[in-house]
Amino acid sequence: MIRVANESDAAACAALYASYVTDYPVSFEASAPGAAEMSARIAEYSSIFSWLVWDENGVRAFAYASQHRTRAAYRWSVDVAIYVADNARRKG
C-alpha cells in the first residue's frame with residue numbers, strides 16, 4: 001500500500017536510506033541521518049509536498065519531492081527522490 005508518511009515512519013525510512021549513504025554514491029551525504037533527522041525531513045518536506053511510503057509489512061520504499069531552487073522562475077520545479085529497500089528492488 002502506498003500512503004502518506006507520518007512521524008512513526010522516520011526510523012524505517014532512516015534505516016532504508018542508510019545503505020544509500022554508505023554503499024552507493026547517490027546521496028551526497030557523508031553520514032546517514034538517524035530517525036530524528038529523518039522525522040524532521042518528513043515534517044519539512046511534507047509541509048509543501050507529499051512524502052510517500054510503500055508499506056507492505058513495513059516500509060519498503062519512500063519517495064518525496066522538494067523545492068528545486070528558491071528563485072521565482074523555479075517555482076514549478078521540484079526535485080524528486082525515490083529510495084527502495086535492497087530486498088524490494090526489481091519486483092515490479
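1. In this predicted model, W51 stands opposite Y64, a residue of strand β3. The two strands concerned are β2, covering residues 51–55, and β3, covering residues 59–67, and they pair in the antiparallel sense over 5 bridges. The loop between β2 and β3 contains N57, a residue taken up again under point 7.

2. The sheet as a whole is open and consists of 4 strands in the order β1-β2-β3-β4, with antiparallel pairing. Its edge strands, each of which pairs on one side only, are β1 (2–4) and β4 (78–84). On average, and with direction ignored, neighbouring strands of this sheet are turned by 20° against each other.

3. Helix α1, formed by residues 10–22, lies across β2, β3 and β4 and runs at about 85° to β3. Helix α2, formed by residues 35–46, packs on the sheet as well, where it touches β2 and β3, and its direction makes about 125° with that of β2.

4. The helices also meet each other: the axes of α1 and α2 come within 8 Å and cross at roughly 110°, which means that α1 is roughly perpendicular to α2. On the α1 side the contact involves A10, A11, C13, A14 and Y17, and these meet A35, M38, S39, R41 and I42 in α2. Sorted by class, this contact has 8 nonpolar, 1 polar and 1 charged residues.

5. As to charged pairs, the structure holds 6 salt bridges. One of them joins the side chains of D55 and R3, with an N to O distance of 3.0 Å; this pair links distant parts of the chain, since D55 belongs to strand β2 and R3 to strand β1, 52 residues apart. D55 has a relative accessible area of 24% and is therefore partly exposed.

6. Because R41 and E37 are 4 residues apart in helix α2, about one helical turn separates them. The burial of the two partners should be noted: R41 counts as buried because its relative accessibility is 16%, and the cut-off for that class is under 20%, whereas E37, with a relative accessible area of 37%, is partly exposed. In the other pair, the side chains of R89 and D86 meet at 2.9 Å, N to O; here R89 counts as partly exposed at 28% relative accessibility, and D86 counts as partly exposed at 44%.

7. Finally, two backbone angles deserve a check by eye, because most residues other than glycine have a negative phi. The phi of F28 is near 65°, a positive value in a residue other than glycine, and F28 lies in the loop between α1 and α2. With a relative accessible area of 80%, F28 is exposed. N57, found in the loop between β2 and β3, has a phi near 60°, again a positive value in a residue other than glycine, and N57 is exposed, with a relative accessible area of 85%.

Notes:
Residues numbered from 1 in each chain as written. Predicted model: local features only at pLDDT ≥ 70, side-chain atom pairs only at ≥ 80, totals over all residues. Heavy atoms only, no water. Pairing = 2+ DSSP bridges. Axes fitted to C-alpha atoms, helices over the stretch in contact; angles between N-to-C directions. Contact = heavy atoms within 4.5 Å. Parallel < 35°, antiparallel > 145°, perpendicular 65-115°, else oblique. Nonpolar A, V, L, I, M, F, W, Y, C, P; charged D, E, K, R; others polar. Salt bridge = Lys/Arg side-chain N within 4 Å of Asp/Glu carboxyl O. Buried < 20%, exposed > 50% of the residue type's maximum accessible area, 1.4 Å probe, protein only.
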